[in-house]
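Please open the structure in your viewer and keep the selection tool at hand.

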Amino acid sequence: MTPEEDAERAAEAEAAEARRQRDDRLRDDWTAAREVRRTWLAGLVDSKTLPKDAARWTAATLLTPMRDYYGQRINATDLLGVPEDADAAEWARKRPGKAGHVAFAFALAEVESGFGRYGWSMPAAGTVPYLNQLVAWGYTLSHVEQIVTGAASAADEDPAAVEATEALDDSENTNQDAEADAAAE
């Protein structure tokens, strides 16, 4: 091989490694965003009143077949805050005014259960409309969720990650400056 071919192969390997690292980071970001989103959803379901279009959205979602391909099942009882040792049906019977909340939580849980670990890179057909609906209800998308909706690119740096890296760099520089000052004394 010529030196140019070696350099080209090395550059390709470096680019592939950078893509792999980015994909790994985004997969982890997607998993973290899921936890933040589900906590936000629990608060939405727990609110006194549901969003104005929740009944329409719930009906449409319940009529759309969903599958749990990824083993990421979340139950409506998780979003409703039903204690694990409680009988969910009895819990619901004691709260007739929460029937809409129960149906809403069930629909949300069905959609959430369809998102796998690689949901950021291979989103299901309903993912973008779902995330956009959450935004309409007041949810703030994370960087990786913005990638899914097209509001950001995977090539873009996550602003939070850049801030954290800069803060770490600043901290390291401060420590190095302090060590240099101590050595100079």
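## Stop 1: R27

Begin by selecting R27, which has its place in helix 1. The model on the screen is a predicted one. Is R27 buried or exposed? R27 is buried, because its relative accessible area is 15% and the cut-off for buried is under 20%. Now show the residues around R27. Leaving aside the neighbours within four places in sequence, which residues does R27 contact? They are R117, Y118 and W120.

## Stop 2: D29

Stay in helix 1 and select D29, which also lies there. D29 has a relative accessible area of 22%, so D29 counts as partly exposed. The range for that class lies between the limits for buried, under 20%, and exposed, over 50%. D29 and S142 are 113 residues apart in sequence, yet the C-alpha to C-alpha distance is 8.5 Å.

## Stop 3: helix 1 and helix 6

Select residues 3-46 for helix 1 and residues 127-136 for helix 6.

The crossing of the two helices is left-handed. Which residues make the contact? On the side of helix 1, select W30, R37, W40 and L41. On the side of helix 6, select T127, Y130, L131 and L134. If you colour the contact of helix 1 with helix 6 by class, it has 6 nonpolar residues, 1 polar and 1 charged.

## Stop 4: A60

Move to helix 2, residues 54-62, and pick A60. The relative accessibility of A60 is 40%, so A60 counts as partly exposed. How far apart are A60 and A107 in sequence and in space? They are 47 residues apart in sequence and 9.0 Å apart in space, from C-alpha to C-alpha.

## Stop 5: helix 2 and helix 5

Helix 2 passes helix 5 in a left-handed crossing.

Show the side chains where the two helices meet. Helix 2 brings A54, W57, T58, T61 and L62. Helix 5 brings A103, F104, F106, A107, L108 and V111. Sorted by class, the contact of helix 2 with helix 5 has 9 nonpolar residues, 2 polar and no charged ones.

## Stop 6: the whole protein

Clear the selection and view the whole protein. How many helices and strands are there? The protein has 8 helices and 0 strands. From the N terminus on, the order of elements is α-α-α-α-α-α-α-α.

The protein has 185 residues, and 29% of them count as buried. Display the surface next: its accessible area comes to about 11,600 Å², with 53% belonging to carbon and sulfur atoms. Finally, consider the contacts between residues at least 6 apart in sequence. Of these, 76% join residues at least 24 apart.

Conventions. Residues are numbered from 1 along each chain as its sequence is written. This is a predicted model: local features need pLDDT of at least 70, side-chain atom pairs count only at pLDDT 80 or more; totals for chains, interfaces and linings use all residues. Side-chain values use heavy atoms; hydrogens and water are left out. Axes are lines fitted to C-alpha atoms, for helices over the stretch in contact, and angles run from 0 to 180 degrees between N-to-C directions. Helices (H or I, at least four residues) and strands (E, at least two) are DSSP runs, numbered from the N terminus. A crossing is left-handed if the near helix is turned anticlockwise from the far one by less than a right angle, and right-handed if clockwise. Contact means heavy atoms within 4.5 Å. Ala, Val, Leu, Ile, Met, Phe, Trp, Tyr, Cys and Pro count as nonpolar, Asp, Glu, Lys and Arg as charged, and the others, Gly among them, as polar. Buried means under 20% relative accessible area, exposed over 50%, partly exposed in between (1.4 Å probe, protein chains only). Accessible areas come from the Shrake-Rupley method with a 1.4 Å probe; for residues, only the protein chains shown count as cover.
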